[in-house]
Amino acid sequence: MFSNFIKTIVLLTFYSCPLLAKTIGIIQVIEHPALDATRLGLIDTFQKTQPDLKVTWRSAQGNMTTAIQVAQAFVGQKVDVIVALGTTPAQAAVKACQETNIPVIFASVTDPESAGLKGKATGISNFVDVDQQIKSIQHLLPSLKKLGIIYNPGEANSEKLLVLTRQACQHKGLTLECAVALKTADVLVAAKKLAGKVDAIFINNDNTALAAFPSIVGVADATRLPVFASDADLIKTGALAVLGPDQYQIGVQTAKMVQKIINEEADLQTLSIEYPDSVDLYINKEKVNFLGLTIESVLSNKDQS
C-alpha cells in the first residue's frame, strides 16, 4: 500500500484548538542534503513564528506517480497550502489542485516557466546564472578542457540546465561530456563513465544526481577528479566548490511566502516568483589540499574546511 512506503512525519499539531489550525502539506521530490536543508529552513521558520501550524511532509522518492498520489492525498485532506520542493512535485501539485482553491507554493525549482508552473503556482526558484557557474569553475581550474555533467532527462529542471550549460561551455571553449542517470541507482555508473574522460564533474541541481552525490564523490576521489555543484550543502559531502544559494535560507524565504497566503490572505496571482536573496561561492579547503590545487587567488566569501 502506497502509504507504507511514503515517509510521513507530522511535525507540529495545534492540540489545544485543532479546528482553527492551518494545515500545510509539503511534498519533497527526493531526499538529499540540499532539499533536506530547504525543508528544515521552511519548518524551522514555521516553528519559530507560527507554532500553531499543522505541518506534514512526505517524500515522493523521485517518482512522479508517487508525487501525484501524495498531492491527491493532500487535496483530499483539504490542506490550506501545498508546498512542493522540486519541479516534479510542483507539477503534480498544480495538476491535483486545478479544480480546488488550494494554493501551491514551490521551492528549489530552477525554471518555473518551462516547467509550466508560471501563473498556476508561485514560489522561490534556485536558479543560478550558468555562465557565472562555468566562469567560477574555470577560475578554479584554469587548465579545464572537458567538463562532465550527470543529469536525468526526466527532470524538466535538468533538461533546461543542460541546454544552458552546453551553451556556456561553448562560449568558454569547453567540451561538455554528458552522462544520463534516470534513477539514483544509475548515478554511480554515470560517474564511472565520466571518470578518465573529463577534467571535472559538475552537478547542477539535478535531484537524481544530488540524491546519490556520495557515490559521485567516491568515484571522483578515487581518480582525484574535482566535483563542482550548485548547492552549498554539498561542500560538506565532498564537492570542491559550490556557487549557489544557501538552501536553508531558500526554505526560510519560502515560509515567508506561505505566511503571506495563510495570514494575510494574499492572492497567489499577486505573489511574484522570487529568486535567492544571495548566492555565494563556497570552497572546500580540505578538498583543495586533497587534490593538490593552488587556488589562493580565488575570491571566496564562504571558505569551508
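**Helix packing and a strand pair**

Student: Is the crossing in which α7 passes α9 right-handed or left-handed?
Tutor: α7 passes α9 in a right-handed crossing, that is, with the near helix turned clockwise from the far one by less than a right angle. This is a predicted model, in which local features need pLDDT of at least 70 and side-chain atom pairs count only at pLDDT 80 or more, while totals for chains, interfaces and linings use all residues. Residues are numbered from 1 along each chain as its sequence is written, and side-chain values use heavy atoms, with hydrogens and water left out.

Student: At what angle do α7 and α9 cross?
Tutor: The axes of α7 (residues 184–194) and α9 (residues 213–222) cross at roughly 25° and come within 9 Å, where axes are lines fitted to C-alpha atoms over the stretch in contact and angles run from 0 to 180 degrees between N-to-C directions. α7 is therefore roughly parallel to α9, a label for angles under 35 degrees. Helices are DSSP runs (H or I, at least four residues), as are strands (E, at least two), numbered from the N terminus.

Student: And which residues of α7 meet α9?
Tutor: Val-187, Leu-188, Ala-191 and Lys-192 of α7 meet Ser-215, Ile-216 and Val-219 of α9, counting heavy atoms within 4.5 Å as contact. By class, this contact divides into 5 nonpolar, 1 polar and 1 charged residue.

Student: What about α3 and α4, how far apart are their axes?
Tutor: The axes of α3 (residues 64–76) and α4 (residues 87–97) lie 8 Å apart, at an angle of about 45°, and the crossing is right-handed. Among the residues that meet are Met-64 and Ile-68 in α3 and Pro-89 and Cys-97 in α4, and the contact has 10 nonpolar, 3 polar and no charged residues.

Student: On to strands: in which sense do β7 and β8 pair?
Tutor: β7 (residues 146–151) and β8 (residues 175–180) pair in the parallel sense over 6 bridges, where pairing needs at least two DSSP bridges. Within this pair, Gly-148 has Glu-177 in β8 as its bridge partner.

Notes. Ala, Val, Leu, Ile, Met, Phe, Trp, Tyr, Cys and Pro count as nonpolar, Asp, Glu, Lys and Arg as charged, and the others, Gly among them, as polar. Angles under 35 degrees count as roughly parallel, over 145 as roughly antiparallel, 65 to 115 as roughly perpendicular and the rest as oblique.
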